[in-house]
Amino acid sequence: MSQLQSGNTGKGALDGALAITDQLKEAGSALFTLLPSLKDRLEGMKKQDAAYLVQEYNNQFWQPVFCATMLKLAGQHKMAFLASATLPEVFENCMPPALQAIIKAQSDPVLAETVRDLAISQSFRRDIYVKGMAKAWQQEQMNGVGKTRFIAKESTTLPEGDKDFVFNTSFGSITGKREPYLKVLAAFGDNGNTLAQASAACPELNLPTMTQTISLLVTGGWLSVEQPKVNAKAAHKLNIAMAEAVLDGAPYRYLALPRTADAANANDTELMIVALMQRGLKADGKTNELAVQLDAALRRLGRAFLLDGKPVSDPAASLEQAQINVNKFVQTRLPFLKRLGAL
């Protein structure tokens, strides 16, 4: 509406809308009393990338759609709801028993999904629809699932000490006992494995328990589905092109991971290091050329390393921070990116 009424487009329209909500908040609008989480959500939007906000909210299809409406629209095109694409929601025993009972009591599937959204205060759904519901026999299902490959991703730090795993879901936190989950992770390992082979290494877990354990590990970022065919060369070209663009000031913050068909977060210094390494610079010596060029690249763009939340202005301290960033990347980040085919 801000765009239509003011004539602003893109970021200008979004800034105008956020300014109006700020004014409403300061004036004591009842909207913020009825929706106490709205203030934090709007403040969070201000910290997000402007390009993301424009494509996400400032378009003609921004209006939210309830699941009942979506199910009806899909049905008009002979598409049937199969399951949630948010893995924990597939396993009903992950949900509190009282909520499970209410949802299961609904005989109409559309009403059941609507009740599910209300039960967990669902604001964003990811669903899978299929055209044609050809049922697979039990052994076919087991064979198909058993051939699926997973690989340890290590994008999330393991629980410290003897702490258990904690998985944040749309209906609260789920705790998984440390040792069984570590054993499943080890069964897949850095080189990946099929579910059937990993299950053989964990005979105490039946197939339903194993699939639920894997699904939660995928949700938490510790495991990922491994792709059967990987075009790593195309990913390498894309990643190098993005890294080179960051040296010129581009706002890219990801690297493609072809082995898992997704992306890894990468900050600007990491992408700069990737670009500089592709140019032949190496991390050798007490003050290596890679660190020198990283420091120079940031300075050219008018940026600086942050230390304790403050920009580092001293040249010697800045070069030291460049060295620290290079060493950290080479020792911890680079092996992970190479293993998953990013470089």
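Tutor: Start with R299. R299 pairs with D295 in a salt bridge, and their closest N and O atoms are 3.3 Å apart. Both residues belong to helix α15. They are 4 residues apart, about one turn of the helix. Keep in mind that this is a predicted model.

Now the surroundings of that pair. D295 has a relative accessible area of 8%, so D295 is buried. R299 comes out at 40%, so R299 is partly exposed. The cut-offs behind these words are simple: buried is under 20%, exposed is over 50%, and partly exposed lies in between.

Salt bridges can also chain together. E113, R116, D117, R125 and D127 form one network, joined by salt bridges that share partners. In total, the structure holds 17 salt bridges.

Next, take R259 and E226. Their side chains meet in a salt bridge, at 2.8 Å from N to O. R259 sits in the loop between β8 (254–257) and β9 (262–265). E226 sits in the loop between β7 (223–225) and α13 (232–247). The two are therefore in parts 33 residues apart in sequence, and the pair ties those parts together. Both R259 and E226 are buried.

R279 and E244 make another salt bridge. Here the closest N and O atoms are 2.6 Å apart. R279 has a relative accessible area of 52%, so R279 counts as exposed. E244 has 23%, so E244 is partly exposed.

T169 is found in strand β4, which covers residues 165–169. Its relative accessible area is 17%, so T169 is buried. A polar atom of the T169 side chain lies 2.5 Å from the backbone oxygen of G172. Beyond its neighbours within four places in sequence, T169 is in contact with P88 and I174.

To recap the pairs: R299 and D295 share helix α15. R259 and E226 tie together two loops.

Definitions and conventions. Residues numbered from 1 in each chain as written. Predicted model: local features only at pLDDT ≥ 70, side-chain atom pairs only at ≥ 80, totals over all residues. Heavy atoms only, no water. Buried < 20%, exposed > 50% of the residue type's maximum accessible area, 1.4 Å probe, protein only. Polar contact = N/O pair within 3.5 Å; in protein donor to acceptor, adjacent residues only side chain to side chain. Contact = heavy atoms within 4.5 Å. Salt bridge = Lys/Arg side-chain N within 4 Å of Asp/Glu carboxyl O.
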